[in-house]
Amino acid sequence: MIWVILVLSILLIAMIWLLIAPITLFVDTLEDVYYMKVKGICKISLNTAKKPITIDIILPIGKFTVSSFSKRKRSEKEAQKKKTTRKSFKVIFSFVSDLIKSFELVKMSLNMDTADYVCNAQLVPVFHFLSGKNRAFLVNFNGITSFKLILKNRLIRIIKPAIKVAWS
C-alpha cells in the first residue's frame, strides 16, 4: 500500500512541476541561437549551422535530432476523412492575443542599421523613447542588425486561453 501512495505522490509532483515549470523562449539573430527550454524537462533548439536546418531535442533520457521537413502526401481517402472545424476569426484572434499576453518579457534588444544615415539619425530619438527597463532599441551606423528576445511563461498560463477557445 505504501508503494502505491509513493508512486502516486511522485506522479502528482511530476504533474504539478510540468504545470509550473518555467518555459523560456530565446531568440538571438546575431549568434544564430534559437531555442525553447522547459526547465528540467526538455530543450528544443533550431540548429541553423547545418544544411538542411535541423531541430535538436534534448531530453533527460538523451538527445534526438530531426532533420527531414518533407511533407507526406495524403491519399484522397485520408483527405476526405479529415474533418476540419472552423473557428471564427474573432475566437482565433482572442486566443492569440491572450497567448501573447501570457508571456513575460525578460529581455528584448534590437540593434539595427537602415543603411541610410538620415533615417538612422531620425530613429535615434524614437528608439531612445521606446527603450525601457527590459528592452533596448539601438541604432548603429556600421551595418550590424541584430535582434535578441527572451520570453518566459508557464504551461498553466497557456492552458487558460486554450480552454477558453475549446469552450467557444
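This is a tour of the structure, stop by stop, with what to select at each one.

The model is predicted, so local features need pLDDT of at least 70 and side-chain atom pairs count only at pLDDT 80 or more, while totals for chains, interfaces and linings use all residues. Residues are numbered from 1 along each chain as its sequence is written, and side-chain values use heavy atoms, with hydrogens and water left out.

**Whole chain**

Start with the cartoon view. The protein has 5 helices and 8 strands; these are DSSP runs numbered from the N terminus, helices being H or I of at least four residues and strands E of at least two. From the N terminus, their order is α-β-β-β-β-β-α-α-β-α-β-β-α. Of the 168 residues, 21% count as buried (buried is under 20% relative accessible area, exposed over 50%, partly exposed in between, with a 1.4 Å probe and protein chains only).

**The core**

Select Val27, Met108, Leu110, Leu123, Phe127, Phe137, Val139, Leu149 and Leu151. These 9 residues form the largest nonpolar core, a core being a set of buried Ala, Val, Leu, Ile, Met, Phe, Trp, Tyr and Cys residues joined through side-chain atoms within 4.5 Å. Strand S6 (104-112), H4, strand S7 (135-139) and strand S8 (146-154) each give two or more residues to this core. In soluble globular proteins, nonpolar side chains tend to be buried together.

Beyond its neighbours within four places in sequence, Leu149 is in contact with Leu25, Phe26, Val27, Leu105, Lys107 and Met108 (contact means heavy atoms within 4.5 Å).

Select Asn120 in helix H4 (residues 117-130). Is Asn120 buried or exposed? Asn120 is buried, at a relative accessible area of 1%. Its side chain reaches the backbone oxygen of Asn140 at 3.1 Å. Residues up to four places away in sequence aside, Asn120 touches Asp113, Thr114, Ala115, Val139, Asn140 and Phe141.

Move on to Asn111, in strand S6. The side chains of Asn111 and Asn140 are joined by a polar contact of 2.6 Å (a pair of N or O atoms within 3.5 Å; within protein, one must be able to donate a hydrogen and the other to accept it, and residues adjacent in sequence count only if both atoms are side-chain atoms). Asn111 and Phe137 are 26 residues apart along the chain, with their C-alpha atoms separated by 6.0 Å.

**The salt bridge**

Select Lys164 and Asp98. Their side chains meet in a salt bridge, 2.9 Å from N to O (a side-chain nitrogen of Lys or Arg within 4 Å of a carboxyl oxygen of Asp or Glu). Lys164 lies in helix H5 (residues 155-167) and Asp98 in helix H3 (residues 89-101), so the pair ties together parts that are 66 residues apart in sequence. Lys164 is partly exposed, at 46% relative accessible area. A search of the whole structure finds 1 salt bridge.

**The surface patch**

Switch to a surface view and select Leu12, Ile16, Trp17, Ile20 and Ile156. They form a nonpolar patch with about 450 Å² of accessible area together. Patches are made of residues with over 30% relative accessible area and no salt bridge, like charges being joined within 9 Å and nonpolar side chains (Val, Leu, Ile, Met, Phe, Trp, Tyr) within 5 Å; accessible areas come from the Shrake-Rupley method with a 1.4 Å probe, and for residues only the protein chains shown count as cover. Helix H1 (residues 2-20) supplies the largest share of the patch, 4 residues. Trp17, in helix H1, counts as partly exposed at 36% relative accessibility.
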